Amino acid sequence: MKLPPFEYACPTSLSEAVALLASHDGEAKPLAGGQSLVPMLAFRVAAPSLLVDLRKLSELRQIAIADDGVTLGAMVRWRDILEHRGLPHAQPLLVKAVEHVAHYQIRNRGTVGGSLAHADPAAELPGVVVACEAEIAALGSGGPRTIKATEFFKGALSTALAPDEIVTAVKFPAWPARRRFGFAEFARRRGDFALAAAMVFYDEDVAGTIANAHVGAVGIADRPLRLATVEQTLDGRMIDASTIAAASAAASADVDPPDDIHASGAYRKTLIGVMVERALRDASV
Ligand SMILES: Cc1cc2nc3c(=O)[nH]c(=O)nc-3n(C[C@H](O)[C@H](O)[C@H](O)COP(=O)(O)OP(=O)(O)OC[C@H]3O[C@@H](n4cnc5c(N)ncnc54)[C@H](O)[C@@H]3O)c2cc1C
């Protein structure tokens, strides 16, 4: 299908981009890589009167690694993450998750900010930012603000962003060198959106027991979830077969996925338990 008509602007500064969005009373949309927005236009799911292309805003392309964490600019592309030499050490869970995002061509154009703002409930990055307690930086006509990942996602394709706000960056807390982590996803074909995916990390105290367990999940609700019951099941225990089995059971018990055209809720409920089990096995080796 052809796209509906729209005007197009390609600002050279963030303030100009925000002013353009603000001047269109909710009828304008940022354009990042177009990997989700263009299909949405073609299917008439969105029909903005103006597209504000962010591609000339080079300040949104930075990847910064510092002692207090990793900051990704909104226009950082999947490919940039996968090709970065420091990120496998500074934020390995992110890199592992992005390896599962879409196909080569899409990873070449799709962006961090676009994925967060699009808020697909099965997308990997939203799950990682929720699991890691990352913070999302946004700029609108009211000025800059920081939104906790857990408060950013409001439902399927819905976020806390105002119509004139642009995601500028996402910041992940520091990642200790000896932290254990794992990621597991099930999709019908490699590169498809996940039917369910789980991401876990934890530290080990001197006795070797699990501390600070974080468990995220996507594909099982209208937004990415942190599975608090699973985290409570893990903290204070040794990582062994019985702990993994208990965490897996807790994951299935903790969620209530809806039925949709891709899978039944009951199937996804079982699947997330399997994904948590695989992610924990991945973390423990
Ligand atoms: C066939 C296919 C398979 C895919 N598989 C996966 C997958 O397995 N996992 C996955 O995570 N994703 C997948 N995607 C989506 C892909 O990862 C995109 O990168 C992602 O959806 C965002 O696209 P984009 O960056 O090009 O943003 P766009 O398509 O340009 O924009 C998406 C939305 O975000 C808004 N937006 C963009 N940037 C900003 C910003 N900085 N601030 C505020 N709003 C903004 C736009 O207005 C629009 O509403 C797939 C896409 C396709 C087409």
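Throughout this tour, a residue is called buried when its relative accessible area is under 20%, exposed when that area is over 50%, and partly exposed in between, using a 1.4 Å probe and protein chains only. The model is predicted, so local features need pLDDT of at least 70 and side-chain atom pairs count only at pLDDT 80 or more, whereas totals for chains, interfaces and linings use all residues. Residues are numbered from 1 along each chain as its sequence is written, and side-chain values use heavy atoms, with hydrogens and water left out.

**The aromatic cluster**

Begin by selecting Trp175, Phe181 and Phe201, which ring pairs link into a cluster; rings of Phe, Tyr and Trp (its six-membered ring) pair if their centres lie within 6.5 Å, and planes under 30 degrees apart count as stacked, over 60 as edge-to-face and the rest as tilted. The structure holds three aromatic pairs. In one of them, the ring centres of Trp175 and Phe181 are 5.8 Å apart with planes at 75 degrees, so this pair is edge-to-face. Phe181 is partly exposed at 23% relative accessible area, while Trp175 is buried at 12%. Turn next to Trp175 and Phe201, whose ring centres are 5.1 Å apart and whose planes stand at 55 degrees, so that this pair is tilted. Because Trp175 lies in the loop between E10 and E11 and Phe201 in strand E12, the pair ties together parts that are 26 residues apart in sequence; strands (E, at least two residues) and helices (H or I, at least four) are DSSP runs, numbered from the N terminus.

**The salt bridges**

A salt bridge here is a side-chain nitrogen of Lys or Arg within 4 Å of a carboxyl oxygen of Asp or Glu, and the count by this rule comes to 13. Select Arg180 and Glu204, which form a salt bridge with their closest N and O atoms 3.3 Å apart. Arg180 lies in strand E11 (residues 180-186) and Glu204 in strand E12 (residues 196-204), so the pair joins parts that are 24 residues apart in sequence.

Move on to Glu165 and Arg145, a salt bridge with closest N and O atoms 2.7 Å apart. Glu165 is buried, at 9% relative accessible area, whereas Arg145 is partly exposed at 35%.

Finish at Glu133, Arg226 and Glu231, which are linked in a network of salt bridges; within this group, Glu231 and Arg226 meet at 2.8 Å, N to O.
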